[in-house]
Amino acid sequence: MKKIEAIIRKSKFDDVKEALHQIEVNFFSYWDVTGVGNEKQGHVYRGITYSTTDIQRRFISIVISDDFQEKTVNAILESAYTGNIGDGKIFVSDISEAYRIRTKENGHTGIN
Amino acid sequence: METELFTANNIWMMLCTALVFFMHLGFSFLEIGLTRQKNTINILFKNVFIICTGLLLYYIGGFNLMYPGEFNGFLGFSGFGLAIPENGLTAEYANGGYTYWTDFLFQGMFAATAATIVSGAVAERIKLEAFMIFTLLYVGLAYPIVGSWQWGGGFLSTLGGTDGGFYDFAGSTLVHSVGGWAALIAIILLGPRIGKFGKDGKPKAILGHNIPLAAAGVLILWLGWFGFNGGSVLSGDPATTSLVLVTTSLAAAAGGISAFIASFILYKNYDLTMFLNGILGGLVGITAGADLMSPFEAISIGFLAGILIIIGVSLIDKLKLDDPVGAIAVHLICGIWGTLAVGIFGDLAGIQQFFYQLSGVAIVAAFCCLSSFVILIILKKIIGIRVSKTEEIEGLDQHEHGMDAYPDFRMNQH
């Protein structure tokens, strides 16, 4: 099993969700995150210009079977892309066990 | 005078009293909105304290200090508490405009405003006890004494002998500048908030935490101003009250528009907070001469007031002072402008009147700066006027009040 974590633009979230549904990845968690990065956003408040490196993004966490890894990564790479700085990142890691609480199943049947 | 007319006048004045009361909510909202969430309880506490003590102090001595009847023109006092005159509830009392009770409450609602102006400028760093003592003395003594010089029939109103004198219809100077001067002295003595100026001395933006609330506050203030200026007619006189509401609103509108345009030209940004301050600048600007101006003159006064707001806010930053809500630009700078504008525009315009206006501004400035300086410097020596560094960073709400304005939203631990 693999865990795929992606940090994406909030504005691309609906596209990514749709793309994941297309390849039948129907279960995942997400939350909003703030991070720092290269992108600087210029602002003016009451005549004072300031820039902030605090960037708002959405974090998606998906656990899938090994054979889903490639198409899941590709789906996100395609759907979250704009070509501008700040499109985000994808991380893949191994998951050793997974359980479904209701049925106490584990392994592959535990995640889908 | 007919009873019906007296009744109608009095109802209008009581409605205006209620509108001026409502302005305190507007001030509170604006002040909360333009400051950080960690100080919200503290700001509300100060504002509620101001309304309550303002009214009580006005009952105890303020009213009779401000309207002492016959006096030497500088300082008079006709006794503690309220003592209703023989004709106090009849049409003879104030040319049929209102009763003695209405008189007291309407003027009492005004009194607290001066301290509210100070509250915004000193927000997020002043020690609560110091602010409360300052309010007691400034609202209890300084405000009614200055008021008596003009509205009580004192020496400012007769600067030119029988030819006329200083003119301040609803208080560009007597209310707004009185608060504004004290605010200026207070922020000089207090110093800027931690983080307002970087190591290089450049001003930094400290964002207000609730801009919708600030916007609501300004729109409430505009509504309240119908009572502030409309009630200053001191009767329901159809011609004057309706003119005053028109000039007040047009000046507010022009002030908002010119402030946002000026801010866009200078900073290439549609800054809502400057737009809001511009509306207030227009309102303060028209207050001294709201009954004297034509609609176009009102627009001109408001338009210039809006530009003064933009210049004023950045001037305060350049002087290394810190005024989180723009109180100095709105109430002091536009208060002075509005007062002088009576000598430039409208029915009284003229060199002689301009001189009266200038003298009034200078005399009130001297008295207010001196009295607020004395009060604050003594407080500074005895109990201190500024909270500790830890308290300022962690928030006055936690340290002074042990409360959180939004316990369910603790995202921002500045």
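**Ground rules.** I count residues from 1 along each chain as its sequence is written, and I letter chains from A and number ligands from 1 in the order in which they are written. Since this is a prediction, local features need pLDDT of at least 70 and side-chain atom pairs count only at pLDDT 80 or more, while totals for chains, interfaces and linings use all residues.

**Confidence.** I looked up pLDDT, the predictor's confidence in each residue from 0 to 100. Chain B averages 94, and 99% of its residues score at least 70. For the complex, the predictor gives an ipTM of 0.75 and a pTM of 0.88.

**Chain B, overall.** I took helices (H or I, at least four residues) and strands (E, at least two) as DSSP runs, numbered from the N terminus. Chain B comes out with 13 helices and zero strands. Its C-alpha trace spans about 65 × 45 × 40 Å along the principal axes. Next I checked the radius of gyration, taken over C-alpha atoms, against the globule rule of 2.2 Å times the number of residues to the power 0.38. A compact globule of 414 residues would sit near 22 Å, and chain B has 21 Å, which agrees.

**Burial and contacts.** I call a residue buried if 20 or more other C-beta atoms lie within 10 Å of its own, exposed if 12 or fewer, and partly exposed in between, with C-beta atoms placed from the backbone. By that count, 57% of the 414 residues of chain B are buried. Two residues are in contact if their C-beta atoms, placed from the backbone, lie within 7 Å. Among chain B contacts between residues at least 6 apart in sequence, 78% join residues at least 24 apart.

**Cores.** For a nonpolar core I used a set of buried Ala, Val, Leu, Ile, Met, Phe, Trp, Tyr and Cys residues joined through C-beta atoms within 7 Å. The largest has 126 residues, and B:Ala186 and B:Leu221 are among those with the most contacts inside it. Helix H3 (residues 100–121) of chain B gives the most to this core, 12 residues. Leaving aside neighbours within four places in sequence, I find B:Ala186 in contact with B:Val118, B:Ala121, B:Val122, B:Ser372 and B:Leu376. A second, separate core of 15 residues includes A:Ile4 and A:Val25.

**Helix H1 of chain A.** In H1 (residues 13–22), A:Val16, A:Ala19 and A:Leu20 are buried. I put them on the same side of H1(A) because they cover an arc of only 100 degrees around the axis, the arc being that of the directions from the helix axis to the C-beta atoms. On the other side, A:Asp14, A:Glu18, A:His21 and A:Gln22 are exposed.
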